[in-house]
Amino acid sequence: MAEQDDMPFYQKPEWADVVPIPQDDGPNPLVPIAYTKEYSTTMDYFRAMCRAQEKSERALDLTKIVIELSPSHYTVWYYRQQLLKELNKDLKEELEWIEWMVNEHPKSYQIWHHRQVVVGRIAQSLLPHNTTTTTTTLTTAQSTEAAFSFDDLPEAQKTAAQELVKSELEFIAESLEDDTKNYHAWSYRQWVLAHFGLGPWWVEELAYTEELIGKDVRNNSAWNQRYFVVTNGPGGLTEEGVQREVQFAKSNIEKTPSNESPWVYLTGVLRKGNHSVTEIKEFCEGLLSVPRANFSPFVHATLLDIYEVEAKEKRSAASVEKAKEEAIMLAEKVDNIRSKYWNWRKTQLQKIDVVA
Amino acid sequence: MGVLNREEDLQSYGYNDDGMVTDSSELQLETEECIRRVFFPYTQESPMPLPIASLDLRKLRHVKYVLGALDNLASHWTALDASKPWLCYWILHALDLLGYKIPERLAVRAISTMQHIQSPTGGFGGGPGQDAHLATTYAAVNTLAIIGTKEAYDVINRETLADFLMSVKQKDGSFTMTVGGEVDVRGSYCAMSAATITNIVTPELTTNAAEFIARCQTYEGGIGGFPGVEAHAGYTFCGLAALELLGRTDILNLDTFTRWSSSRQMSMEGGFQGRTNKLVDGCYAFWTGGIFPILGKMLETAGQDTEALDFVYDRDGLQEYLLVACQSKTGGLRDKPSKPVDYYHTCYCLSGLSLSQHQMSFRHELKDIAPGGLSSLLWSENYDKRRVIGSPSNALETTHPVLNIRTDKVRKAFLHYYGKSAEDIIEEVDIEIIRS
């Protein structure tokens with residue numbers, strides 16, 4: 001349908017019946033934008049379509065024109081979503097266009113959300129007619145309760161759904177190649193996994209996070225995704241999972257002891273698995289004799305946590321002393337931008353009830 | 001403390017890449033190099049270091065810069081055609097912080113502009129005729145509160161606003177940003193802020209709201225946009241501020257939250273990053289820096305000695321970063337020296353600067369007389385903890401740590417929307433201030 005001529009759509013005969021509605025900013029508004037004539041006229045026609053809530057092909061075409069002029073105009077996205085539904089459009093084609101848009105505007109809330117809406121609908125269309133998917137509410141507690149159920153689906157639909165997930169994950173991975181920490185891309189990726197739920201993708205996804213961490217061990221988004229996978233996959237975080245993840249984090253810490261990501265991941269996994277941070281005492285103390293590592297603020301911060309827990313559990317004055325030394329080391333030498341925080345932690349230590 | 005005047009050379013406070021270079025560490029070192037260059041004239045490494053006292057916030061230039069946007073934006077600004085209330089808020093709030101008195105003619109225009117943007121079905125969109133959106137509703141309500149006249153307040157149709165908020169409220173406690181739009185934690189803050197100011201908070205609005213935000217706290221301790229998503233300072237501030245307005249900050253894991261928040265300050269630069277292993281950015285002076293007043297309240301509530309707490313971050317370091325690296329010579333503030341200025345960064349750099357200069361703290365002793373939304377009136381400055389880096393004239397006006405509009409504007413708005421109960425509380429707060 002792409003017109004090659006230069007005539008703007010509103011000069012064409014098929015638009016002659018529409019009465020454009022000018023923007024009503026009122027007199028002398030603040031922050032007036034010097035719109036191009038093309039933009040302001042396009043919007044005048046858009047307003048007319050919106051007012052009439054016209055559900056037609058020309059309205060659909062118009063939404064694309066508006067979007068390409070002003071991609072963050074969320075009102076037009078919603079209208080487009082309604083039109084796609086009403087007119088029963090081919091959503092696969094829509095996905096291709098969105099892919100192009102995402103590449104142009106990778107940080108647009110609206111474009112990513114639109115993809116989510118469209119994929120949600122494609123998935124919906126694969127289900128037997130009377131089912132409605134509930135909105136995904138992913139809990140961080142146990143395993144996912146997927147909104148989309150593969151159970152009882154005929155083979156053809158099952159395959160189509162699996163293909164859909166696969167292609168979405170590929171699409172997002174491609175987008176992440178340009179910006180490995182794109183917040184919208186990661187959020188959408190989690191939605192895809194949560195929406196379609198338990199499946200083979202969790203194993204692949206774990207491998208994917210490992211691949212990204214291998215490329216950049218400081219990619220905190222990849223670490224966060226790994227946590228998401230191990231805590232939301234089939235069965236959630238098992239004891240075996242905890243041990244595996246602890247090993248994974250430790251090996252990355254050994255490579256880059258001053259890298260915050262694996263440290264906070266390690267303590268996070270221990271906490272989630274109901275393990276005490278004291279379990280990694282030997283590991284942390286060991287790092288003190290590694291020249292590269294002994295000035296890492298995270299070694300000392302974790303030791304502070306460990307000695308503090310020990311002090312509380314054993315009511316040990318000796319542990320309090322060791323914890324204090326760490327706090328002082330952090331405040332004065334290795335992490336002094338945070339000296340107020342470390343000094344505050346030190347004052348907390350005084351409150352621990354000890355036997356001499 | 002600060003970052004310009006330390007014992008060792010700047011370089012030694014920089015990022016340690018452990019000899020293993022990755023994209024993240026390369027970017028970080030590049031950024032540090034750039035910041036080091038602008039910091040250099042003030043450090044002991046310089047042959048004739050400039051005194052920190054000479055650091056000057058060029059208020060007049062920033063005023064001129066933001067004023068320029070009010071009357072004429074070039075056509076490329078079409079990209080923000082769905083964000084007009086934001087532009088108004090960023091500009092007017094910046095003017096407020098800079099102490100520039102907003103003239104009557106601007107107030108009249110602001111009122112009319114917002115009137116034409118308000119949706120007939122409630123709330124405010126990005127421009128006339130657009131669907132209502134929580135973010136622009138937040139910005140519009142704040143804009144009108146900044147104008148602070150009866151005419152401004154009366155623009156807001158509270159009944160339809162309540163309808164709009166309920167129309168985007170979800171059963172799990174979250175909010176979609178607009179009807180049919182995306183869910184994330186910003187929505188919780190925008191809804192609670194607008195509802196609190198205009199006094200339309202109801203149990204229906206707040207059901208499960210705190211629980212949803214709590215699910216957004218990650219293993220790192222900060223808050224992400226949606227459960228499972230990475231902890232990020234923007235969403236963390238929104239989640240925390242919303243919880244504060246809900247009176248439910250106790251739902252968070254305080255230890256991991258405190259740890260994550262203080263870990264966001266950059267060792268060399270002094271400014272804040274938004275996520276682990278990402279770069280410093282002036283706007284996080286507010287989103288991350290703004291966590292600390294509320295965090296201070298939480299720590300105090302948990303029994304911490306108020307005297308021992310003076311914001312668990314290096315206030316001087318933040319201010320030095322903003323003053324040296326974020327000001328453009330021609331007016332306006334920015335992310336970092338390599339980035340251009342814009343109104344968003346101007347607003348949030350200044351907001352963060354204000355919150356760092358003035359220690360805003362909560363009057364716990366009065367909380368029983370100020371239930372619900374009224375507790376917003378219990379924030380006031382601890383004058384003895386005021387700390388203005390550079391020239392004393394750098395001092396900005398005080399901003400409310402939860403609502404981020406000037407504290408006097410909060411009072412005025414609450415007097416309008418809450419009447420006598422607000423009046424009484426304000427009187428009590430003033431008495432307490434004189435006493436202490």
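**View 1. Helix 10 of chain A and its packing partners.** The buried residues of helix 10 of chain A pack against helix 8 (201–215), helix 9 (220–232), helix 11 (260–272) and helix 12 (281–287) of chain A. Here, helices are DSSP runs of H or I of at least four residues, numbered from the N terminus, and buried means under 20% relative accessible area, while exposed means over 50% and partly exposed lies in between (1.4 Å probe, protein chains only). This is a predicted model, in which local features need pLDDT of at least 70 and side-chain atom pairs count only at pLDDT 80 or more, while totals for chains, interfaces and linings use all residues. Helix 10 itself covers residues 239–255 of chain A, 17 residues in total, and reaches 25 Å from its first C-alpha to its last, close to the 24 Å expected at 1.5 Å a residue (the expected span is 1.5 Å times one less than the number of residues). Among its buried residues are A:G241, A:V242, A:F248 and A:I253.

**View 2. A closer look at A:N252.** You will find A:N252 in helix 10 of chain A. Is A:N252 buried or exposed? With a relative accessible area of 4%, A:N252 is buried. Setting aside neighbours within four places in sequence, A:N252 is in contact with A:I213, A:V217, A:W223 and A:P262, where contact means heavy atoms within 4.5 Å.

**View 3. Where chain B meets chain A.** The contact takes 91 residues from chain B and 72 residues from chain A. About 6,800 Å² is buried between chain B and chain A, and carbon and sulfur atoms give 52% of this area. In chain B, the residues that lose the most area to chain A are B:D18, B:Y219 and B:R259, together 13% of what that side buries. Buried area is the accessible area (1.4 Å probe) that two parts lose on being put together, summed over both.

**View 4. Polar contacts and helices on the chain B side.** How many residue pairs are in polar contact between chain B and chain A? The count is 49 residue pairs, both residues at pLDDT 80 or more. Helix 1 (23–39), helix 2 (59–71), helix 3 (84–97), helix 4 (104–117) and helix 12 (254–263) of chain B each supply at least two residues of the side of chain B that touches chain A. Helix 4 of chain B gives the most to that side, with 6 residues. The residues of the side of chain B that touches chain A divide into 33 nonpolar, 35 polar and 23 charged. Ala, Val, Leu, Ile, Met, Phe, Trp, Tyr, Cys and Pro count as nonpolar, Asp, Glu, Lys and Arg as charged, and the others, Gly among them, as polar. A polar contact is a pair of N or O atoms within 3.5 Å; within protein, one must be able to donate a hydrogen and the other to accept it, and residues adjacent in sequence count only if both atoms are side-chain atoms.

**View 5. Salt bridges between the chains.** The rule finds 3 salt bridges across the interface of chain B and chain A, each a side-chain nitrogen of Lys or Arg within 4 Å of a carboxyl oxygen of Asp or Glu. In one salt bridge, the side chains of A:D25 and B:K84 meet at 3.7 Å, N to O. A:E260 forms a salt bridge with B:R264, with the closest N and O atoms 3.2 Å apart. That pair crosses between chains, from A:E260 in helix 11 of chain A to B:R264 in the loop between helix 12 and helix 13 (284–287) of chain B. Both A:E260 and B:R264 are buried.

**View 6. A:R345 and its neighbours.** A:R345 sits in helix 15 (residues 339–350) of chain A and counts as buried, at 6% relative accessibility. A polar contact of 2.7 Å joins the side chains of A:R345 and A:D305. Not counting residues up to four places away in sequence, A:R345 touches A:L304, A:D305, A:E308 and B:R259.

View 7. B:R36 forms a salt bridge with B:E33, the closest N and O atoms being 2.9 Å apart. Both residues lie in helix 1 of chain B, 3 residues apart, about one turn of the helix. B:R36 is buried, at 17% relative accessible area, whereas B:E33 counts as partly exposed, at 35%.

Key:
Residues are numbered from 1 along each chain as its sequence is written. Chains are lettered from A and ligands numbered from 1 in the order in which they are written. Side-chain values use heavy atoms; hydrogens and water are left out.
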